[in-house]
Amino acid sequence: MDVSQRYREAWEGFWSATSDSPGEAIWDAAPSLSAVPHSELLLPYADASLPVVDLGCGNGTQTRYLATRFARAIGVDLSHAAIAHARRADPEGVAEFAQLDLVDDDAVRALHERTGDTNVYMRAVIHQSEPEARPAVAAAVATLLGKRGRAFVAELTPASKAVLQQASEVPGGPPEKLRRVFEHGLKPAGATEEEVPELLRAAGLTVLDSGDTALPQTEYLPDGTRIDLPARWFVLAAAL
Ligand SMILES: C[S@@+](CC[C@H](N)C(=O)[O-])C[C@H]1O[C@@H](n2cnc3c(N)ncnc32)[C@H](O)[C@@H]1O
């Protein structure tokens, strides 16, 4: 299976039009607001001597932090332009980066052969994937974990749609970073409340822990309030 050409081009277009400035992508929050607290949730369950793979790593901001907490960190992304950003932002090579479509089962299996069982970090990928591709994205998590890995997955919930709509309806239209998301045809918060846990269970994963959170964005409303998007997180392992 493969993502559609429209979807692939939407992401390639977005990342090609994004500069190297940290935070230019609306979700590109500092690790102190994302991978740092998320690692604290994952590490009690995980063997940090295994690698971690950051699925849909974008420009690699979180991957570089994960490299400080796990034996090895690999970021993979559908977009070649995203991977080029990630490599430029990591001149010392603390992490490794590779282009990979999570929906391409053969490519995911080949990655698992190279890494062995690995931990997984996935922030904000399923919620905006094409509905028909979502089961394969969840299956990629299960393939990479094998028996020994543990995953941390955080996905926007449908409540994010109302926040995004509210942010778009301000005088002068959506703030610049949000406008770019819509202009490139990206579709955030498309998954229903129950869809993500159901997809993860159907992929053969069991939920060890989960909770509600918000993913802080790098964009603000005219009154200076930061846009924080409602999300749910899961710590996962292979079901017995
Ligand atoms: C909303 S961004 C989040 C980026 C990063 N995880 C973060 O939290 O900063 C979603 C990322 O997933 C990537 N992506 C979307 N579908 C993918 C797929 N099928 N395979 C691999 N990467 C994908 C996009 O290119 C994009 O970089």
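Which residue forms a salt bridge with Arg134? In this predicted model, the partner is Glu195, and the closest N and O atoms of the two lie 2.8 Å apart. The pair links distant parts of the chain, since Arg134 belongs to helix H6 while Glu195 belongs to helix H9 (residues 195-202), 61 residues apart. Both Arg134 and Glu195 are buried.

Side chains of opposite charge can pair when their charged atoms come close. The structure holds 13 salt bridges. One of them joins Arg148 and Asp47, with N and O at 3.6 Å. Here too, distant parts of the chain are linked: Arg148 sits in the loop between H6 and strand E5 (151-156), and Asp47 in the loop between helix H2 (35-42) and strand E1 (52-55), 101 residues apart. Asp47 is partly exposed, with a relative accessible area of 29%. Another salt bridge brings together Asp228 and Arg226 at 2.7 Å, N to O. Salt bridges that share partners also join Asp2, Arg8 and Asp101 into one network.

Turning to the nonpolar residues, the largest core has 73 of them, and Leu102 is among those with the most contacts inside it. Helix H6 (residues 134-145) provides the largest share of this core, eight residues. Beyond its close sequence neighbours, Leu102 is in contact with several residues, including Leu55, Val76, Met122 and Ala140.

Helices also meet one another. The axes of H1 (residues 5-16) and H4 (residues 80-88) come within 7 Å and cross at roughly 35°. Glu12, Trp15 and Ser16 of H1 make this contact with His80, Ala81, Ala82 and His85 of H4. These residues divide into three nonpolar, three polar and one charged.

Technical notes
Residues are numbered from 1 along each chain as its sequence is written. This is a predicted model: local features need pLDDT of at least 70, side-chain atom pairs count only at pLDDT 80 or more; totals for chains, interfaces and linings use all residues. Side-chain values use heavy atoms; hydrogens and water are left out. A nonpolar core is a set of buried Ala, Val, Leu, Ile, Met, Phe, Trp, Tyr and Cys residues joined through side-chain atoms within 4.5 Å. Buried means under 20% relative accessible area, exposed over 50%, partly exposed in between (1.4 Å probe, protein chains only). Helices (H or I, at least four residues) and strands (E, at least two) are DSSP runs, numbered from the N terminus. Contact means heavy atoms within 4.5 Å. Axes are lines fitted to C-alpha atoms, for helices over the stretch in contact, and angles run from 0 to 180 degrees between N-to-C directions. Ala, Val, Leu, Ile, Met, Phe, Trp, Tyr, Cys and Pro count as nonpolar, Asp, Glu, Lys and Arg as charged, and the others, Gly among them, as polar. A salt bridge is a side-chain nitrogen of Lys or Arg within 4 Å of a carboxyl oxygen of Asp or Glu. Lists of a residue's contacts leave out its neighbours within four places in sequence.
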